[in-house]
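Visitor: Before we look, could you walk me through how each label is reached, setting the value beside the criterion each time?
Guide: Gladly; here is the model.

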Amino acid sequence: MNGSQIIVEALRRHGVDYLFGYPGGACMPIFDALVDAPEIKIVLVRHEQGGTHMADGYARATGKPGVVLVTSGPGATNTVTGLLTAQMDSVPMVVLTGQTITPNLGKDAFQEADVFGVTMPVVKHSYLVREVNDLPRVMNEAFHLATSGRPGPVLVDLPKDVVSAECEADFTDEFHLPGYAPPARGLTEDLEKAAELISSSKKPLLYVGAGAVIAQASKQVIGLAEKLQAPVTTTLLGKGAFPETHTLSVGMLGMHGTAYANKTVVDCDLIMAIGARWDDRITGKVSEFCRDATKIHIDVDPAEFGKIIDPDVSIAGDAKLVLEDLIPLVSKLDSQPWLKQIEKWKKKYPLKFPKRGGLRAQQVLKEMDRLTDSKAIISTDVGQHQMWTAQFCKTNEERKWLSSGGAGTMGYGLPSAIGAQLGCPDELVVAVVGDGGFQMTMPELATAAIHKLPIKILIINNRYLGMVRQWQELFFDNRESGVDMMGNPDFVKIGEAYGIKGFRLRRTGDITKVLKRALDYNDGPCIIEAEVVKGDNVFPMIPAGAAVADMIIEEPPSGKKLEKPVGST
Amino acid sequence: MNESSNGKGFSVSLFVNNKPGVLVRIAQTFARRGYNIDSLVVSNAHDARFSRITVVFQGDHENVDQILRQLNKLIDVVHAIQHGSETSVDREMALFKVEVQPEKRGEVFQVIDVFRAKTVDITDESIIIETTGSSSKIDALERMLSSVGLLEMVRSGKLMMARGLEPT
């Protein structure tokens, strides 16, 4: 077999069914070898960034690694945003990039880019393969690294002469990864120490992140919460690790989390992070975050311990395995007064939005949640609509919430929904996007149409880059700058041009009718363009860098000037 | 300035895969967090599949653990360990070029003698001096030679080995 056939054989051995690709000169031998492997279906994307987000959405929805194949130079550099997105959110991906022939490396050859160098800070690991006989081992290592421990993207740069050469090695070579040993079960002494700290808590809080989703620890999180009688909050990416309709759920915490989740954070006497990393969207001002609360941190990546918060006890391990071992060590807590207090907050500070004055995104999303019984796989783009979707669309199961959290990548929503629908053909997939982000990867409508994927693409169109406009209104004296999406196309007509069904939604009274029609349409993708009011803001809100206690629960009186945030973004 | 002269430096020894790109990943780990590397020594280990790296850098005390964790997280790093002077032996080598006329050599030779350094090159106008020792000894020699016409200094950077059976 030559190198390209080895690569295809490796894909087959790792059970790859879809490959998100875009060909070019340097990767032609690999595309050629794929002709003989019809079980690996090539999804021809319209831009490499879209391809990486499809692989990402596929991976988040299925738990299997997403695979991308692109050519050298610009083909490879176009994957950088997708790599960052996957790296920040710990998504398993294997990205194969074509490369110029080895004698040309470093000589500015046509379509040569130092992709190994360019991508180094945004991958879990990477390879530049210079010797064909390394290929079987490298491909095996790439899949192993992408999917084990804290998952992430692995890039394999493949010079054309290497993948064209005859390979004598087979797949029996052992890994050479002496520096890689991710933890599995927690240490007994750490578990016992955690159990002891938990036992004296009267106001506990479980703070659950993407690590619990990745480890599929939902059952254990529920088990622990119910046994302790502890409330549970999830991060944006932790949505689904604990049912949001459960009585112990306080929903999402952080910058645009629920008021009652954030009040729970402020008042708790113990906070236990389960696969969450104390992100700045969560902590606000770190020095004031849960200052007097005991902190326990469970993470599969020990580099997260002490990065932001110094925990009282840290447990290195897989969230599911750690919780399995922890549950027998704990017992029910005296938390009834605490739970009653939380119930009061829930009643006093529910999520709310103005019902008059035009079509409201929140209302549309709430109705979408109701009509789909909170069971759809939902992908989002980034911005106001993302936060509203997180607030109003409840997630009750793992792997049903796909959103770019760490990187905040606009353009993520549509392609990730495509990947998710390919990976989960029997699930209902809804892409909620804003008019800004949608246009960044809009050409992937073609990809959705070709494969007749019945994705519901709900465009929340406020003709603004709304989140930035919100900040300008609140913190920059309403001086709008570069946020008016003047020149937006007619999205329904755009859909028609691709042969995609479109629905317009303009009036509040039509929400149920239009959404029902869209949900009933399954002959390929459809667009629902919701023309919502222009100036809505997302609340609650903790200004970046402010303390959680300084949350703004609802729209301040107009004209009230707020202090400029000190946090980064 | 050198780490031992102001006492704020940290020394880390790394055992890593010996292949292209590893050094870049390590350097990026420091650069991304704004740490400047004072000295860096890289060479093959006894087992040539691996390399040994000694890094001396300046940083905040509370962030050193974080740097170690981030270094250990790199797939190509087998281990990264911080060593102090009690738990390790360290050495550095330096070459000094001094501009000195034959009639003034005596003064320089006295310094060389006190520091147990060696003269490895001599011309009518200059001497090259070689020395090995702790970084602080080399700092001290540098200060002495500065007053007698030091032209150039080249230092190897710090080498380190853990004492006893502890791994380096």
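Guide: A residue is called buried if 20 or more other C-beta atoms lie within 10 Å of its own, and exposed if 12 or fewer do. Please keep in mind throughout that this is a predicted model.

Visitor: Which residues of H15(A) are buried by that criterion?
Guide: The buried residues of helix H15(A) are A:Trp338, A:Ile342 and A:Lys346.

Visitor: What makes you say that the buried residues of H15(A) line one face of the helix?
Guide: Looking down the axis of H15(A), one finds its buried residues within an arc of 85 degrees, and therefore they line one face of the helix. An α-helix has 3.6 residues a turn, so residues three or four places apart point the same way. On the other side of H15(A), the exposed residues are A:Gln336, A:Pro337, A:Lys340, A:Lys344, A:Lys347 and A:Lys348.

Visitor: Against what do the buried residues of H15(A) pack?
Guide: They pack against strand E9 (249-252) and helix H12 (259-267), both of chain A.

Visitor: How does the reach of H15 in chain A compare with what is expected at 1.5 Å a residue?
Guide: Helix H15, residues 336-348 of chain A, has 13 residues and reaches 18 Å from its first C-alpha to its last, which is close to the 18 Å expected.

Visitor: Why does A:Gln87 count as buried?
Guide: A:Gln87 has 20 C-beta neighbours inside 10 Å, and the criterion asks for 20 or more, so A:Gln87 counts as buried. Its place is in helix H5 (residues 80-88) of chain A.

Visitor: With which residues is A:Gln87 in contact, leaving aside its neighbours within four places in sequence?
Guide: A:Gln87 is in contact with A:Val122, A:Val123, A:Lys124, A:Gly152 and A:Pro153.

Visitor: How many residues does each chain give to the contact between chain A and chain B?
Guide: The contact takes 14 residues from chain A and 16 residues from chain B; on the side of chain A that touches chain B, they divide into 9 nonpolar, 3 polar and 2 charged.

Visitor: And into which domains is chain B divided?
Guide: Chain B is divided into domain 1 (3-82) and domain 2 (89-160), whose C-alpha centres lie 28 Å apart. Their contact takes 10 residues from domain 1 and 8 residues from domain 2, and the residues on the domain 1 side divide into 3 nonpolar, 6 polar and 1 charged.

Notes: Residues numbered from 1 in each chain as written. Chains lettered and ligands numbered in written order. Predicted model: local features only at pLDDT ≥ 70, side-chain atom pairs only at ≥ 80, totals over all residues. Helix = DSSP H or I, 4+ residues; strand = E, 2+ residues; numbered from the N terminus. Expected span 1.5 Å × (residues − 1). Arc of directions from axis to C-beta. Contact = placed C-beta atoms within 7 Å. Nonpolar A, V, L, I, M, F, W, Y, C, P; charged D, E, K, R; others polar. Domains from an automatic or database assignment.
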